[in-house]
Amino acid sequence: MASQPELTLAQLAALVKLSKKLRQVRSLLSGEGPPTDQGDPGDWYIDTKTKQLYGPRTKSGWTGTAVGLGTKDPKGNIRNTQLTISGTQAPAAQGAQGPAGVAGPTGPEGPAGPAGATGPAGSTGAAGPTGAQGIQGETGATGAQGVQGDVGPAGPTGPTGTTGATGPAGATGSTGPEGPQGTQGDAGPTGATGPQGATGNAATISIGTTTTGAAGTNATVTNSGTSNAAILSFTVPRGSDAVLTAGAGIDITSGVVSVDEVDEGTY
């Protein structure tokens, strides 16, 4: 690297910062005026006349915008030069994490969000208990009285004599048949409806395992879960093995099938 006495201390400090930002500085060239065709890809160049930094050089030449080193502001103060480096840069070292700040006060509660969509209706609950029995209907009207029985035969005429005492009254006739049953009274009012049962849980079904069974067996489905959370496992039988049988002109040896030569014209 060439030493240039025209560079100020601030400009040299900027170059040190540059070298720390890059993983590799190939060469640092300098001269009066902008670079022309000198240098190789990866080189940097300082114009000692204008204190401008060029680089890095690419295969296409000195492309990009030059950066001023230690330029002054209108008041004559040296600017804090910030270099924008194109190329591979070394990662900056991360400082230690500072202590956590004091927690700020809790902010006011936000407005309530819109109401969510109505969920699906639950399944029908179990039937409530049977209502109490209605009151008994009124008793039906009394049936009509039965027909009076026949009068008994008159006793024989006694000899005329003195007027005898009055004979005893005849026996009461037999009871007539029972009258027809009266009409049924009106049904009592329906009892009150029982309370609705609790909403049942929605049932779920998931697939467990699928197993190949032996040929000729039946397919089976097994639930290893519960009635409300079923886990179904399937056993499906494989197909039967094909069987080859040798016939006329066909030979099967060690699983190899061969056909004898057939005479022409013979089928």
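Trainee: How many aromatic pairs does a search of the whole structure find?

Mentor: The search turns up two aromatic pairs. Keep in mind that this is a predicted model.

Trainee: How is a pair of aromatic rings described?

Mentor: By the distance of the centres and the angle of the planes. Now the case here.

Trainee: Which residues do the ring pairs link into a cluster?

Mentor: Tyr45, Tyr54 and Trp62 are joined by ring pairs into a cluster. Tyr45 lies in strand 2, residues 44–47.

Trainee: Which way do the side chains of strand 2 point?

Mentor: Trp44 and Ile46 point one way. Tyr45 and Asp47 point the other way.

Trainee: Are those residues buried or exposed?

Mentor: All of them are buried. The cut-off for that word is under 20% relative accessible area.

Trainee: What joins strand 2 to strand 1, and how do they run?

Mentor: Look at bridges and direction. Four bridges join strand 1, residues 28–31, to strand 2, and the two run parallel. Find serine 30 and look across: isoleucine 46 of strand 2 stands opposite.

Trainee: How many bridges join strand 2 to strand 3?

Mentor: Three, and here the strands run antiparallel. Strand 3 covers residues 52–54. Opposite isoleucine 46 in this pairing is leucine 53.

Trainee: What lies between strand 2 and strand 3 in their hairpin?

Mentor: Four residues lie between the strands. In this hairpin, check lysine 51: its phi is positive, near 55 degrees.

Trainee: How do strand 6 and strand 7 run, and how many bridges join them?

Mentor: They run antiparallel, joined by four bridges. Strand 7 spans residues 229–237. For a place to look, take asparagine 223: leucine 232 in strand 7 stands opposite.

Trainee: What is the mean pLDDT of the protein?

Mentor: Read pLDDT as the predictor's confidence in each residue. The mean is 75, and 70% of the residues reach 70 or more.

Trainee: Where does pLDDT stay under 50?

Mentor: Residues 1–5 are one such stretch, with five contacts in the model beyond four places in sequence. Residues 80–93 are also below 50. That stretch has 27 contacts in the model beyond near neighbours in sequence.

Technical notes:
Residues are numbered from 1 along each chain as its sequence is written. This is a predicted model: local features need pLDDT of at least 70, side-chain atom pairs count only at pLDDT 80 or more; totals for chains, interfaces and linings use all residues. Side-chain values use heavy atoms; hydrogens and water are left out. Two strands pair if DSSP finds at least two bridges between them. Buried means under 20% relative accessible area, exposed over 50%, partly exposed in between (1.4 Å probe, protein chains only). Rings of Phe, Tyr and Trp (its six-membered ring) pair if their centres lie within 6.5 Å; planes under 30 degrees apart count as stacked, over 60 as edge-to-face and the rest as tilted. pLDDT is the predictor's confidence in each residue, from 0 to 100. Contact means heavy atoms within 4.5 Å.
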